[in-house]
Amino acid sequence: MDLNEARLAAMDRRRFLRMTGIAAATLPWLSLSPFANGGPVRRPTGPVPASSGRHVLRYDTPAPESNAIREALPIGNGRLGALVGGDPASTFLFLTDASMWLGERDVPLGEDGQFEYTADHFGGLVMLAKLYLAIDGHDAAHITDYRRELDLGQGTLRVTYRKDGVAYTWTIFASHPDDMIAIQLSQSGGGAYSGSIDLRGMHEDATRVGMAPETPSMASTHFAGALPNGLRYATGVTVSASGRIRTDTSVLRFENCATLSVIVCGGTNYTPDVSRNYMDGSLDPLTLALQKAKAAALVAPATLLHTHVADHRSLFDTMRVDLGASTEAQRGMDTWSRLQAHAAGAAPDPELEATYLQYGRYLTVAGSRGGLPTGLQGPWLDSNTSAWMADYHNDINIQMNYWLPDRAGLSACFDPFTEYCLSQVEGWTRITKKHFNDPRSSYRNSSGKIAGWTVGISTNIYGGGGWRWHPAGNAWLCNNLWQHYQYRPDKAYLARIYPVLKGACEFWEARLLTVSVRDPATGRMREVLIDDADWSPEHGPTDAKGNTYSQELVWDLFENYRQASALLGKDVGYAATIAGLQSRLYLPQVSGKTGWLEEWMTPDDLGEPGHRHLSPLIGFFPGDRIRKDSSPPALIEGVTKLLEARGTGGYGWACAWRAMCWARLGEAEKAYDLIRINLTPSHHLTNGTAQNLFDMYNLDATSDAFQIDANYGTPTAMLEMLVQSWPGQIALLPALPKAWAAAGSVTGIGARGGFVVDLSWKDGKVTSVTVRSVGGETTRLEIGAWTKTLALRRGAAVTLAPDTGDFR
């Protein structure tokens, strides 16, 4: 911004304050709640950094509204998301705020003692609004050279085309610093925009429009309402233009505008505080939305864009991925054509695969910053009736969503998961104590004891559970929390999550049963601890005791809690109690009938051999108890045979989980085949990747659904093929497939123990590796049979040439 622009902005800001009567102290650059980002917005200087153009989704046709979930492109600022599609004559934005949730805190139980899983009680995520931007005369018959692109590195969506010799450009982005969505329309000279803006609520909302006093080139449209549970919401849009704007009933019309800027903001009065019933009654979402939208509208469009790009790149650029070079012909294709050619058995397209990995990182930045975590669909809905109510599933979905951030250089994007667990655990504890031992439930503790907390398979944002009880869900959530600490060692963080881990341990201390089993090694009977009647999600009988899934997760929980207790110097006596329980846990055997690792406490298979879930392998991934390099060979063989029996079919998240396990076994080509399966184009309701790279999941003969976990899980598997880590150990290229072996590099991969790795390779061999500490002190670096122990201070780094072992 030059001096004249700065003076104009300051003058516009003063005029805005006068005409609205809003106190400066309430404006978003001074931090507003609940959907503020904290502190003043820091504006970068200079031009917008140029795009590398390396990771861009490109399309030469518009995205029809009738196929929005498959073709519209996602943008998001971590809280507010939008699917953007349509053509210049009628562009749409489907808006979703991550806190726009129906539902209740205390979800009633059904006749079977499980939760009522309905929108009336459990609730679900619903849309906030739809925005339509129509341009007169810019229909397909009158424009040429149409293109739309989503630049993952810049975090911007651009639409370009020509009409009557004039080049038109639309730039659309969702800004985290300014907490809004911007649509900026410009042209090369001599052109003009005329048309309308139509904001529509999704819950029978009445939209209002109005002109800004003394500012004929600025107007607004907005609505406000409340959901049946009392949650208040609102959306505000401010439009500024170089031409004339006028109101027309519930829409805004603009005429002969050389430029047009549309700022969209909205949200709810949700607050992550159980003592306030998760709603801030003192907050007016409409006032806040209008304040933010109007404040952003007074900033020069180029400055807003630069602010957004600088912020986005501060996260996105933490990892660079090169899996090899694609051909010029491949680069020349649009994304959908390229995806189809990739699946048709053409030459490998490593740049497309690298872009898919980076797309998962893009969705992480766009969907998980400073608010609620991403659930089944993230903040990208196309209706109010999403599959499974777009909830949080605690038997793989939310966990898989958050395996990626720490590995992918985006540890800050893990924070919403942490904050969600911390804000919900009080409600989970209350509901557990009140309802878990309901006499109608087959999952109740037969001892009659109850303590601590657990969750339903589904959870909402009000502490409520849905569908079935999920006893081991608490341990799996704790696994994610603990592994985040391993990637980023921080005692303050550990102290925050410690009560969550302890409460889960208390639940299992009250639940475990003592039974006698024959020790296969000695032939003698011994007493062990097992899970009470339970389910191996979502597979087999619902009353099996001692299922592998629960036994492994509880072992993992106890191990993590013991380490947390020792690190913090807390509850030494209770940690000893937990250690005693851990030592008595029954651990799964290899079945003498099937040769597989048992899923239930029996050699028999009680379910489907090819079932989508890998519940019995949870101790292998994401758990660490079973490891290829240290577990008995017979146990690893049992893992391998069960994984083979599961096959390569199923849904995207299931293939991603299988790929992670094959990578842990060092089976590069099997892992890679599953990556390719997930990149299979989805046609006619089939599983696979849609035009916009969303992972689609077939429901039945007439419908399908978007599930985001595969979009996060598949990149996680790709990174596991390049680097695997445990505290004290980092393995490089453990499962490098032939398709990536010629040459490549990756920077910024997180490694457990508190390290970050930069890596390059050629002809399948590591050529350079840099390891830097983000809190770790010592680790053993492994490249095949080559090993070296590294000792580093926080912030220090070392670069190695592994062939010689020399430092450089």
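The expected span of a helix is 1.5 Å times one less than its number of residues. Helices (H or I, at least four residues) and strands (E, at least two) are DSSP runs, numbered from the N terminus. The model is predicted: local features need pLDDT of at least 70, side-chain atom pairs count only at pLDDT 80 or more, and totals for chains, interfaces and linings use all residues. Residues are numbered from 1 along each chain as its sequence is written, and side-chain values use heavy atoms, with hydrogens and water left out.

Start with the whole chain. The protein chain holds 18 helices and 38 strands. Its radius of gyration is 27 Å, close to the 28 Å that the globule rule gives for 808 residues, so the chain is as compact as a globular protein of that length. That radius is taken over C-alpha atoms, and the rule is 2.2 Å times the number of residues to the power 0.38. The C-alpha atoms fill a box of roughly 90 × 60 × 55 Å along the principal axes.

Now look at burial. Of the 808 residues, 60% count as buried (under 20% relative accessible area; exposed is over 50%, partly exposed in between; 1.4 Å probe, protein chains only).

Helix α16 covers residues 652–664. At 1.5 Å a residue, its 13 residues should span 18 Å, and its end C-alpha atoms are 19 Å apart, which agrees. In α16, 13 of the 13 residues are buried, so the rest of the structure largely encloses this helix. G666 follows α16 and has a positive phi, near 80°. Helix α11 (residues 473–487) has 15 residues and reaches 22 Å from its first C-alpha to its last, close to the expected 21 Å. α11 is mostly covered too, with 15 of its 15 residues buried.

A634 sits in helix α15 (residues 633–646). This residue is partly exposed, at 47% relative accessible area.

Next come the loops. A cis peptide bond joins P537 and E538, with omega about -20°. E538 lies in the loop between β25 (534–536) and β26 (539–544). The bond from F621 to P622 is also cis, with omega near 10°. P622 lies in the loop between α14 (572–583) and α15.

W388 is not a glycine, yet its phi is positive, near 55°. W388 is in the loop between α7 (350–367) and β20 (392–393), and it is partly exposed at 27%. L685, not a glycine either, has a positive phi of about 75°. L685 lies in the loop between α17 (668–678) and β27 (688–689).
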